[in-house]
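Please look at the sequence and the model shown here, and keep both in view while reading. The paragraphs that follow go from the surface to the aromatic rings and then to a loop.

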Amino acid sequence: MVQEEIFSFLSDLKDNNNRDWFSNNKERYEKINKEVKVFFNTIGNELNKIDSIENTQIFRIYRDVRFSKDKLPYKINFGVGYRRTKPMLRGGYYLHLEDGASFIGGGFWEPNTEDLLRIRKEIELDASDLKKIIIDESFIKYFGTLQGDELKTAPRDFDKNHPEIHLIRKKQFLVTRKFTNNEVLDSSFKDEIIATFKAMRPFFDYMSEVLTTNLNGESIY
C-alpha cells in the first residue's frame, strides 16, 4: 500500500528542488525509496501472474540535465516500467506516482521506424479490429480514448483522404488513466493497478499480432 509520506516528500521536493535540500533529506528519501521499490516489485510480481514481463525498470529520481534546458536536478515523481517479453509480446506498462498527478500508462511510446510503418500499413489495410478495441466499453471506462502524438498531415505514401487517417497519423499509441492522491492511498489501489493493466491487454494483444506478422498474417518469427 502507498503511504501518504510519499506524496509529502514529493511535494516538499517540488518546492525545494536543489541539491542542498536533497542532501539534508537524504535519509528521508532513502526510507521512502525503499518502500516504493517494494511496492513496485510487488506490482511486478502480481503482473507476472497474468502476463510475461521481461524487464522491470524502476526509474531513478536523479534527472539527466546534460542536454536539457531544465536544470532542476531531481524528478518530482517515482516511476516504474514493466516491459512485456519480446519478440512475441509487445507493449509496456508504466506506473507514475506524483503528488496530485499520478497515473497509469501503457502502449508504444517511441515505436521504431519499421514497427511504426507496419502498424500504419495494418490500419490502412483494415482498421476494424483496432477500432473495435478502442470503442469497447471497458477501454473507454479505463482510458477514454487512444492517445499519443501525431503528424499534422498524412505520412509519406499514405492517402490523406483515407477514412482512418486520424489513426494512421499517430506517432505514438498510448493509453493513460489518472488517479487522485486519495485513490492512490486507498487500500484498493493495488487491485486497481492490476485491473487497469488487464484492461490494456486486448490493445497489447492486437499490436503484438500485428508486429509479429506480415500483411498476409504470416508469422515473421
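Tyr221 counts as exposed because its relative accessibility is 53%, where exposed means over 50% relative accessible area, buried means under 20%, and partly exposed lies in between, with a 1.4 Å probe and protein chains only as cover. This residue belongs to the segment after helix H9 (189–211), helices being DSSP runs of H or I with at least four residues and strands being runs of E with at least two, numbered from the N terminus. The model is predicted, so local features need pLDDT of at least 70 and side-chain atom pairs count only at pLDDT 80 or more, while totals for chains, interfaces and linings use all residues. Residues are numbered from 1 along each chain as its sequence is written, and side-chain values use heavy atoms, with hydrogens and water left out.

We can turn next to the aromatic rings. A search of the whole structure finds 21 aromatic pairs, a pair being two rings of Phe, Tyr or Trp (its six-membered ring) with centres within 6.5 Å, called stacked if the planes are under 30 degrees apart, edge-to-face if over 60, and tilted for the rest. What makes the pair of Phe22 and Tyr74 stacked? The ring centres are 4.1 Å apart and the planes stand at 15°, so the pair counts as stacked. Because Phe22 lies in helix H2 (residues 19–24) and Tyr74 in the loop between strand E1 (53–58) and strand E2 (78–84), the pair ties together parts that are 52 residues apart in sequence. Phe22 is buried, with a relative accessible area of 2%, and Tyr74 is buried as well, at 7%. Tyr94 and Phe103, in turn, form a tilted pair, because their ring centres are 5.6 Å apart and their planes are at 50°. Tyr94 is partly exposed at 21% relative accessible area, and Phe103 is partly exposed at 25%.

Ring pairs also join Phe9, Trp21, Phe22, Tyr29, Tyr62, Tyr74 and Phe78 into a cluster.

The last stop is Thr85, which is found in the loop between E2 and strand E3 (92–97). Thr85 counts as partly exposed because its relative accessibility is 26%. Apart from its neighbours within four places in sequence, Thr85 is in contact (heavy atoms within 4.5 Å) with Ser52, Ile53 and Glu54. Thr85 and Asp205 are 120 residues apart in sequence, and their C-alpha atoms are 12 Å apart in space.
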